[in-house]
Amino acid sequence: MKEKNPKLMMNARDREAMLYTEDEDASLFASGYDYEILHSHGSLNEENTIHIQYIPVSGSGNASILGHLSDLNQKLQNVKGLLAYRIGHSDERDTFIVFTQWPASSTISDFKTSDIYRDYLTTDVLKKFRDAGAMFHSYSASKIYLPVKENEEALQDQPEDEEDY
């Protein structure tokens with residue numbers, strides 16, 4: 001797919017890969033999710049590390065989290081080391097997403113110890129936007145995806161999975 005469409009970007013974590021694009025043509029993918037981008041900053045590229053925060057919200061939580069994410073947008077613009085970000089919403093999943101791009105995994109670790117992360121993206125802060133409906137949807141989660149080459153190098157250092165007999 002990536003060879004056929006140069007607009008696709010790919011990052012990976014362990015043996016899992018993620019393809020993404022900012023192209024409006026959603027027909028590229030047979031499965032996946034579209035997000036309406038609410039806030040964005042910087043240019044995305046697959047040569048950097050990605051941190052994705054998935055925030056399930058439904059019902060009354062939708063209206064109140066918009067202000068929270070708008071405030072986060074203002075704060076993210078001044079975060080040291082942050083190269084680009086997208087804050088979006090998926091109606092089909094009742095989920096908000098905070099998609100950030102960093103020069104390395106270590107800068108994500110630094111960000112996770114910051115006041116901004118503590119005040120806007122921790123589980124304790126985000127749970128106030130979850131109503132009873134959101135409890136039965138997906139859960140709040142975050143994932144880190146590396147550039148493909150860096151991920152391949154990390155996989156070489158791991159032992160092969162043993163087969164169960």
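View 1. Tyr117 is buried, with a relative accessibility of 10%; buried denotes under 20% relative accessible area, exposed over 50%, and partly exposed the range in between (1.4 Å probe, protein chains only). Phe111 is likewise buried, at 4% relative accessibility. Together with Trp102, the residues Phe111 and Tyr117 form one aromatic cluster.

**View 2. Aromatic pairing.** The structure contains 3 aromatic pairs. The ring centres of Phe111 and Tyr117 lie 5.6 Å apart with planes at 80 degrees, so this pair is edge-to-face. Rings of Phe, Tyr and Trp (its six-membered ring) are paired if their centres lie within 6.5 Å; planes under 30 degrees apart are stacked, over 60 edge-to-face, and the rest tilted.

**View 3. A negative surface patch.** Glu24, Asp34, Glu36, Asp91 and Glu92 form a negative surface patch (residues with over 30% relative accessible area and no salt bridge, like charges being joined within 9 Å; a salt bridge is a side-chain nitrogen of Lys or Arg within 4 Å of a carboxyl oxygen of Asp or Glu). Glu24 lies in the loop between β2 (16-20) and β3 (36-41) and is exposed, with a relative accessible area of 75%.

**View 4. The whole chain.** The chain has 6 helices and 7 strands (DSSP runs of H or I, at least four residues, and of E, at least two). Of its 165 residues, 36% are buried.

Residues are numbered from 1 along each chain as its sequence is written, and side-chain values use heavy atoms, without hydrogens and water. In this predicted model, local features need pLDDT of at least 70 and side-chain atom pairs count only at pLDDT 80 or more, whereas totals for chains, interfaces and linings use all residues.

Note on methods: Patches are made of residues with over 30% relative accessible area and no salt bridge: like charges are joined within 9 Å, nonpolar side chains (Val, Leu, Ile, Met, Phe, Trp, Tyr) within 5 Å. Accessible areas come from the Shrake-Rupley method with a 1.4 Å probe; for residues, only the protein chains shown count as cover. Lys and Arg count as positive and Asp and Glu as negative; His and the chain ends are not counted. The place of a charge is taken as NZ of Lys, CZ of Arg, CG of Asp or CD of Glu.
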